[in-house]
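Me: I have a model open and want to go through a few spots. Can you take a look with me?

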Amino acid sequence: MINRLSRRSFARLFGTAVLAPTALATLSTTAQAEGTPSTPTARRFPQGFLWGSATASYQVEGAANEDGRGPSIWDTFSHTAGKTNNGDTGDIADDHYHRYKEDVQLMKALGLKTYRFSVAWPRVFPQGTGTPNPKGLDFYNRLVDELLANNIQPYCTLFHWDLPQALEDKGGWQSRDTSEAFANYAGYVAQHLSDRVKHFMTLNEMKSFVDIGYRDGRHAPGLTLSVDKVNQVRHHAVLAHGLGVQAIRAHAKPGVKVGLAENAEACAPIIETAEHIAAARKAMREENAGYLTAIMEGKYTDAYLAHHGANAPKFTVADMKAIGTPIDFVGLNNYTTTWVRADNSSSGYAVVPAPASYPHMMSPWLRVGPQGLYWGPKLIAEIWGFKEIYITENGASSTDTLTPDGHVYDSDRVMYLRNYLTQLHRAVSEGVPVKGYFCWSFMDNYEWADGYAYRFGLHYVDFQTQKRTPKLSAQFYKEVIARNGLA
Ligand code: NOJ
């Protein structure tokens, strides 16, 4: 029921998509009568815009026990009864570990300029620290070579949630030793891949793995810690990022760029007036105070520290200096928009709560708000003067069914992507320095605790046979890439 309702309201939200056929016919007749072409002028992106797609190790690789890989917290969590939808695990996932060559050919067919993947820490250091496992790194050597041989630029994330279980056993992200272990691992990978990989991202979505994994208990490692402890975990995550940036720079070949992939709240004015825009700008800093703002400014905001009081994280001046280590680019994972209005409170803003009828995709949290792709990068560029921004993830979950003749008509995803890209186009055409976009995801994969039922891919995957089928959204995205503009 909720899905049906949300789909209807989704259509309401998306202007032209709901024009009646007669209205569309009138529009095109008028255009022709006025001597304009019947196909709309493509809204182009800047030359060299990097069109990509993304995945993550545990979500696609499978081969959980191969070539010396150690267990990660997601192996433990997903194998614990009752933790994931249908008991699904990433043991096999998309079997990408064995099928990566076939997958790279599909990427090529789509026209991808770049592919964002993550390295599984427990493949490279099965125990998290200590002796590296050369066979683990070899997989990424093969993958990177295959991508480059097909003219696809590799963008590498170092941590996408699959923490080695051995480290969790010693306190995981509750221990600052994990931040240091991460830096060692990141430096090691950068040293070995940076002759070919020129862009590294430290951690993916700190906000998600900290809040969902250590506070809400719905993701690995499934903890429900007290506020002070969660704040310390958050601090160790941003510290790991900062130490990681330093270690990558110390070990990588010259010319390598380092950033992160964070799901910063993309705060947007609910109405585009000066007062609401000013409120959204304030919200952007404060709503991201534990992550992006701390990293950009090398300090926690006064409001963040005051809000947490005695529960605030414990940190040193040196920690904050490391956290604020300058980065070369910001990666923004964006799915939803945080709507903001001006308010008379001391913060000057209020987050507008979503009513129950707010449209969302299959995942209930995935509330549709294309404007995040305009306001998110725009405010990041304005507030922190950033010159290089990527949308490191954006995409939609859908119920996706394969028709008997082998098609997936995911018109909801096509609408979603078109509307988000329209807002991104608005940003780049105003000069917001977004250099690339990575659609999540290249193929259906293991959607964490939601298992395999929640599909995000441009390619449909039959998890019994591992057959990949490009969806309608893949055709749409291929066209966008080919014309470097909206389709
Ligand atoms: C963000 C995460 O980085 C990715 O792993 C996840 O699958 C997508 N969001 C969709 O939930």
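Me: First up, Asn-445: buried or exposed?

Reply: Asn-445 is buried, at a relative accessible area of 2%. Buried means under 20%, with a 1.4 Å probe and protein chains only. Note that this is a predicted model: local features need pLDDT of at least 70, side-chain atom pairs count only at pLDDT 80 or more, and totals for chains, interfaces and linings use all residues. Residues are numbered from 1 along each chain as its sequence is written, and side-chain values use heavy atoms, without hydrogens and water.

Me: Where is Asn-445 placed?

Reply: In the loop between strand S11 (434–440) and strand S12 (459–462). Strands here are DSSP runs of E, at least two residues, numbered from the N terminus.

Me: Which side chain does Asn-445 join in a polar contact?

Reply: That of Ser-441, at 3.0 Å. The Asn-445 side chain also reaches the backbone oxygen of Met-443 at 3.1 Å. A polar contact is a pair of N or O atoms within 3.5 Å; within protein, one must be able to donate a hydrogen and the other to accept it, and sequence neighbours count only through two side-chain atoms.

Me: What about Glu-447 and an oxygen atom of the ligand?

Reply: An N or O atom in the Glu-447 side chain is 2.5 Å from a ligand oxygen. For Asn-204, a side-chain N or O atom is 2.8 Å from a ligand oxygen. Tyr-335 puts a polar side-chain atom 3.4 Å from a ligand nitrogen.

Notes: Helix = DSSP H or I, 4+ residues; strand = E, 2+ residues; numbered from the N terminus. Buried < 20%, exposed > 50% of the residue type's maximum accessible area, 1.4 Å probe, protein only.
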